[in-house]
Every structure is written in C-alpha cells, then in structure tokens.
Amino acid sequence: MAWKSALNIGALSLILSLEAVAVGSFLIPAEALNSPAKSVHHPSKSQLPLNSQTVQPPEPSGSRPNSKQTGATWNTFQPPEDGVPGRREGGGTRGLACPTVTTALTALIPQSTMGQTISAKPTFFYYLPVALDKTVQFELADERDKTLYKKSFRMVTTRAGIVSVSFGSDGNSPTLEVGKNYQWYFTIKCDPKNTTDDVLVSGWINRTALAPTVKTELDRSPDRAKLSIFAQQGLWYEYLATLAQLRMESPSDASLALKWLEVLNSVELGKIAQEPLIASELTPITRK
C-alpha cells in the first residue's frame, strides 16, 4: 500500500458538539441539497439538528483504495421486486430557490439502495452540495409504501458537506421491526409553493437480528473492532454511523480517514468521499 503513505492528513480537524434545537427534535449532521424529485411521489422526513465542526478526510494521491473487505457484501441485500425503486441522487435543479451545483444531493447508501441495520432507530447520512436554510421532510413507509412517519423541519447548515439524521432522540419516531423492509424518503422543499422543485432521495432499509454468538462478540468489542463485525455481517448503517463517530472523536487518525474513503469508494460514492462531515441545525415545524 505505497499510496497510503501519500495521504495528506495535515488538514484533519474536528470539534463535535451536539445541541438540541427544539423539544422533540433529534440529533443530526446536515447534508446535501440539489435536485428535483421528478416523479418520485414521497416527500421525506424531518430530523433534528446536530452541531459539529467539520471532519475532512485527507486527499489521497495515486489510485483509489479498493475496499473488498468493507464493500463485498453491501449490495447483497436487494429491495423487494415489487417495491418503489430507490434513488441515491436527486436530479439537477434549475430553479432560483435551489441553485444548480455539480454534485447532487446524495444518500450515502449502497448501489442497490437497500441497507441492513440492527438498530430500532438507525442513523442516515446525506451529502448536501450547498449550504442550506430550507424546509426538509423525512418520511418512513412500510414495504407497501404506507406512510408510518413523516415530519418537517427547518434545516440550516453553513456549508456543503455530509450530515447525519438519527431517530434516536425522537420519541415519536417508529421502531423498526426485525425482518421487515422499510422505505425512507428525504426531501428538501426548495419552494414550499411548488412541489415540482422538491429535491428528493430515497432508499430501503431492513432490520435484521444477529446470531447470539455474534451479538456477544459485538458487545465485548471496542468500537474500532466492531467495524470488522459490521462489515462481515453486511450492516451498512452501523458501519457508517460508527465510523463517522470515531472520525469525529479522532479527526487526525489517518487509518479512520482511509476506512471512510474505502467504504464510500466500495459503493461508487468516491466523488463525495473527500467531503467533510458537517453540523446541521434542525427545528421542527409545527403546522397550525
């Protein structure tokens, strides 16, 4: 791995702080904005704010990392054949409310758009290509596309970057059941008066259960060791959330930055692998 030594880790920095913006909102790093929803019919859900300093991966030189270890099983899990297709990227928007940028709003999920989790209330990651001060929606639906949860928030970020959205702090959010498939929709409302300007990404998530021996091993392992277990079990959401948290705690750790590059390259998201983890502020919108 001669290229590994060429990584520039001098620019890594991070100060993480979580801040609840309003009662009932949940912690979240902010993310992407850019493309209209076109024919996809579901607007997405709202989430809560997370304030954190940015974590910037080092820029690699030479060839891109090839992550067979972390990427081999991510696309093993496929959405139901009769389900609504997922959408990792929003289309380019030309409206004045949402400026056109080179890279679209992007969901950090496998190419199949299906990811597995063991969490009852998982964390989602999105890339926002511009600073944001818009209404967003997050929606969760069952396999038949029946809405189970939908909320709207005002999301504010100061720059482009990768944000996370977690259900953990919202007592009203649903608990995912083991063995079931769910669809989620994340929508940015560029113009509240014109839904055709909405920017939307969507995907699938399946909650699974671990074998008792694997669960025991996981419970006994430190967070860094858990990454290997998550990869072996194909647990995309746990792998990404744990790695992001480790990077925020140790922003100067080159090995963690490398893992981040590898996992995104393994699902063909290398074009946003250098984007920083950023803070977002989410305030629930109460409808009168």
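Visitor: Where is the place of Ser-112?

Guide: Helices (H or I, at least four residues) and strands (E, at least two) are DSSP runs, numbered from the N terminus. This is a predicted model, where local features need pLDDT of at least 70, side-chain atom pairs count only at pLDDT 80 or more, and totals for chains, interfaces and linings use all residues. Residues are numbered from 1 along each chain as its sequence is written, and side-chain values use heavy atoms, with hydrogens and water left out. Ser-112 sits in the loop between strand 1 (106-107) and strand 2 (114-117).

Visitor: Is Ser-112 buried or exposed?

Guide: Buried means under 20% relative accessible area, exposed over 50%, partly exposed in between (1.4 Å probe, protein chains only). Ser-112 has 13% relative accessibility, so Ser-112 counts as buried.

Visitor: Why does Ser-166 count as buried?

Guide: Ser-166 lies in strand 6 (residues 161-166). Ser-166 counts as buried because its relative accessibility is 15%.

Visitor: Which side chain makes a polar contact with the side chain of Ser-166?

Guide: A polar contact is a pair of N or O atoms within 3.5 Å; within protein, one must be able to donate a hydrogen and the other to accept it, and residues adjacent in sequence count only if both atoms are side-chain atoms. At 3.5 Å, the partner of Ser-166 is Thr-123.

Visitor: How far apart in space are Ser-166 and Ala-241, C-alpha to C-alpha?

Guide: In sequence, they are 75 residues apart. In space, the C-alpha to C-alpha value is 9.7 Å.
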